[in-house]
Amino acid sequence: MNTSRWSPTTTHDARVARAALLRDIRAFFDARGVLEVDTPLLSGATVTDVYLDPFETVFRFDESGKPKPFYLQTSPEYAMKRLLCAGSGPIYQLCKAFRHEGYGRWHNPEFTMLEWYRPGFDHRDLMNEIDALLQAVIDAPAARYQSYQQAFSEHVGIDPLSADREQKVQALITHNINIDNVSSLTDDDILQLLFSLVVEPAIGQHAPCFIYGFPASQAALARLNQDDPRTADRFELYYRGAELANGFYELSDAQEQRRRFEQDNAARRDAGLPERAPDEHLLAALTQGMPDCAGVAMGVDRLLMIKTGARHIRDVINFPVNRA
């Protein structure tokens, strides 16, 4: 009998390892008084981010109603922030998330995400907690911390915060990154290429590595740094070839959040992409007030790959997209 279509791509040991990892994550947060919550996977709003592509469907509230677009969530962030605004205190969630991206070694369009928010923490406090989590659940060594500026200077040879466009383009040439039409790239596009192709392969191979202080133009949902407003209080975590987490000292100003949504949509227009309506539920919640907090999203499947030594995400997901 041909089992290639119906059978899982995991071993029984991998399934046991997943159950143990989820149990250990829950024990970690329970010991720290962080509440597990549940929010919708299907929502009437989605992200405006140029680089995130959600799955879309439609829903009729009644037989005569006009179909309304709904989206599978790329992360539970917006709904969790609404809980924070309602006074939830520290919260975490283990859930499925969905991103319309290619299936490959590190990514399946449906994946498991761990996301948590810590009122009273800034991004540095949260990085320290993530470091403790990795040591507790996958026995990782203590993490290294390096600023985006330091990482670029060390591995690319330029200062990303002060380099002009000519220096950035020259760095592409120096590192043998061939682009047919460089003029079509923004400065941020060039920095992201250099970061992904030069910096990422060089960091986090032997111990987890936090990169913090991303350029303000890449702030996403983070606050700008008070000491150096050229940078945002955002970090990413890398370990053994994987980007494991993306975190922020969270933006809580509703007007600034709306401005960033509008900024995203302007970038989407420039890229020939359809605009997306801002999440008005989130904006209304922020208007009521969200406590100062830091938050992070972490890929659980990637974490499990590192824990088990798996080479491909299919080895830790029972039925990846090509067998779903």
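**Threonine 231**

I looked up threonine 231 and found it in the loop between β8 (209–212) and β9 (234–239). Helices (H or I, at least four residues) and strands (E, at least two) are DSSP runs, numbered from the N terminus. The model is predicted, so local features need pLDDT of at least 70 and side-chain atom pairs count only at pLDDT 80 or more, while totals for chains, interfaces and linings use all residues. Residues are numbered from 1 along each chain as its sequence is written, and side-chain values use heavy atoms, with hydrogens and water left out.

Is threonine 231 buried or exposed? It is buried, with a relative accessible area of 8%. Buried means under 20% relative accessible area, exposed over 50%, and partly exposed in between (1.4 Å probe, protein chains only).

I then checked its neighbours. The side chain of threonine 231 reaches the backbone oxygen of aspartate 228 at 2.9 Å. Leaving out residues up to four places away in sequence, threonine 231 touches Leu161, Gly213, Phe214, Pro215, Ala216, Leu224 and Asn225. Contact here means heavy atoms within 4.5 Å.

**Strand β6**

Next I followed β6, residues 110–119. Eight of its ten residues are buried, so this strand is mostly covered. I looked for its partners; two strands pair if DSSP finds at least two bridges between them. Strand β5 (residues 91–98) runs antiparallel to β6, and eight bridges join them. In that pairing, glutamine 93 has glutamate 115 of β6 as its bridge partner. Strand β11 (residues 293–299) also pairs with β6 in the antiparallel sense, over seven bridges. There I found arginine 118 opposite alanine 294 in β11.

**The three-stranded sheet**

I traced an open sheet of three strands in the order β2-β4-β3, with antiparallel pairing. Which strands stand at the edges? They are β2 and β3 (56–59), each with a single partner strand, so one side of each has no neighbour in the sheet. Two bridges join β2 to β4. Serine 43 stands opposite tyrosine 71 in β4.

**The second largest pocket**

I turned to the second largest pocket, which holds about 370 Å³ of space. Of its 22 lining residues, Ser43, Gly44, Ala45, Asp279 and His281 are the closest to the centre. Two or more lining residues come from each of β2 (42–43), β4 (68–72), α2 (77–85) and α8 (280–288). A pocket is an open set of points on a 1 Å grid over the protein atoms alone, where a 1.4 Å probe fits, with protein on both sides within 12 Å along at least five of seven lines; lining residues have an atom within 4 Å of a point. The volume is the space filled by probe spheres set on the points, which are joined across faces, edges and corners.

**Positive phi angles**

Aspartate 139 has a positive phi of about 55°. It sits in the loop between α3 (123–137) and β7 (144–147) and counts as exposed at 66% relative accessibility. Arginine 240 has a positive phi of about 50°. Its loop lies between β9 and β10 (242–249), and arginine 240 is partly exposed at 43%.

**Helix α9**

Last, I checked α9, residues 300–308, where Val300, Asp301, Leu303, Leu304, Met305 and Ile306 are buried. Glycine 309 follows α9, and its phi is positive, near 80°.

Terms used. Polar contact = N/O pair within 3.5 Å; in protein donor to acceptor, adjacent residues only side chain to side chain.
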